[in-house]
Amino acid sequence: MKSAVLLCYALCSLLIGVRAIGRYRGLEFLEPCSRSDPKLEACLARTANVLVEHFRQGLPQLGYSEVEPIILDELHIALGGGPDGYRAQFKNISARGVSALRITGLRTRLSDNEVQLQLALSIPKIRAAATYRSSGTLILVKASGAGDYWGEYDGVKAKVFIRAVPFSLEGRRYLRLQQLKMDFSVQNIKMGVENVHNINSILLTALNLFINTNSQELLKEMKPDLRRKLVQVMSSFVEKLFVQVPYDAWITD
């Protein structure tokens with residue numbers, strides 16, 4: 001009798017260990033969704049939002065002890081041509097607020113050979129800071145100089161498309177990212193520069209007035225480079241997530 005109890009205890013411990021480590025790798029809070037569920041997309045959206053909520057506090061089991069700030073190495077902007085065309089380079093860009101995102105919509109297309117996801121994301125506010133260097137003229141304002149950049153982006157909306165393929169590894173199925181595309185918009189923008197070298201206070205005030213008045217146009221010029229950088233960051237995260245979390249932690253047949 002004692003042996004039977006010990007055997008039962010050992011089997012239960014083994015099953016718990018497999019569930020905690022083999023299947024979820026420390027992500028037991030993930031609730032898999034059934035592929036046959038008529039509300040599969042709503043279920044996946046809930047699961048993704050639960051992951052995001054935990055992610056805000058850091059997920060060391062995935063190699064993320066801290067989530068923020070998000071760091072981008074550099075971005076460029078160019079307005080106009082000729083010797084007086086405006087050129088700016090932003091370095092060491094630090095962004096906070098991204099982890100507050102919510103998945104507000106999800107569409108999926110599943111087959112045995114491919115997984116496609118379309119996600120709609122919402123972020124209340126992103127605050128960014130960077131060092132910058134610029135040259136040229138913005139309208140009639142001489143904008144050559146270097147200093148600090150700050151930006152506040154309210155009401156950020158993004159659409160992300162993910163295409164992945166299942167593969168087997170050591171008897172488990174995982175996903176391998178094949179393609180990630182994204183686009184975004186910002187409802188309201190406040191931004192400016194400060195601590196600018198070789199510029200008087202009157203010109204600095206005029207420069208910041210122009211920047212804020214034309215913030216959407218400036219973002220439009222930044223967007224191609226910014227989108228490319230964000231795709232790199234997101235792709236790296238999704239690849240890391242897919243390779244560590246088995247497919248059946250997300251979807252069961």
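Predicted model: local features only at pLDDT ≥ 70, side-chain atom pairs only at ≥ 80, totals over all residues.
Figure 1. The pairing of strand 3, which covers residues 86–96, with strand 5 is antiparallel and extends over 8 bridges. In a regular strand the side chains alternate between the two faces of the sheet.

**Figure 2. The hairpin of strands 4 and 5.** Strand 4 is joined to strand 5 by a hairpin that passes through 4 residues, and the two strands pair in the antiparallel sense over 8 bridges. Within this pairing, Thr 108 has as its bridge partner Leu 117, which belongs to strand 5.

**Figure 3. Strand 5 alongside strand 8.** Strands 5 and 8 run antiparallel and are joined by 19 bridges. Arg 133 can be found opposite Ala 146, the latter being a residue of strand 8.

**Figure 4. The salt bridge of Lys 125 and Asp 154.** The side chains of Lys 125 and Asp 154 meet in a salt bridge, with a distance from N to O of 2.5 Å. Because Lys 125 lies in strand 5 and Asp 154 in strand 8, the pair ties together parts that are 29 residues apart in sequence. Lys 125 counts as partly exposed, at 23% relative accessibility, and Asp 154 likewise counts as partly exposed, at 22% relative accessibility.

**Figure 5. The salt bridge of Glu 114 and Arg 163.** Glu 114 forms a salt bridge with Arg 163, and the closest N and O atoms of the pair are 3.3 Å apart.

Figure 6. A salt bridge is formed where the side chains of Asp 248 and Arg 172 meet, the distance from N to O being 3.0 Å. This pair links distant parts of the chain, 76 residues apart, since Asp 248 is in the loop between helix 4 (215–244) and strand 10 (251–252), and Arg 172 is in strand 9 (residues 172–194). The relative accessible area of Asp 248 is 27%, which makes this residue partly exposed, and Arg 172, with a relative accessible area of 23%, is partly exposed as well. A search of the whole structure finds 11 salt bridges, among them the pair of Asp 248 and Arg 172.

**Figure 7. The disulfide of Cys 33 and Cys 43.** A search of the whole structure finds 1 disulfide, which joins Cys 33 to Cys 43 with an S to S distance of 2.0 Å. The link of Cys 33 and Cys 43 is left-handed, with -90° about the S-S bond. Because Cys 33 lies in strand 1 (residues 33–34) and Cys 43 in helix 2 (residues 40–55), the pair ties together parts that are 10 residues apart in sequence. Cys 33 is buried, with a relative accessible area of 1%, and Cys 43 is buried too, with a relative accessible area of 10%. A disulfide is a covalent bond between the sulfur atoms of two cysteines.

**Figure 8. The setting of the close-up views in the whole protein.** The protein has 4 helices and 10 strands, and from the N terminus on its elements run α-β-α-β-β-β-β-β-β-β-β-α-α-β. Of the 253 residues in the protein, 40% are buried. Among the contacts between residues at least 6 apart in sequence, 66% join residues at least 24 apart. The protein exposes about 14500 Å², and carbon and sulfur atoms supply 56% of this area.

Key: Residues numbered from 1 in each chain as written. Heavy atoms only, no water. Salt bridge = Lys/Arg side-chain N within 4 Å of Asp/Glu carboxyl O. Buried < 20%, exposed > 50% of the residue type's maximum accessible area, 1.4 Å probe, protein only. Contact = heavy atoms within 4.5 Å. Areas by Shrake-Rupley, 256 points an atom, 1.4 Å probe, with all protein chains shown as cover. Disulfide = S-S within 2.5 Å. Pairing = 2+ DSSP bridges.
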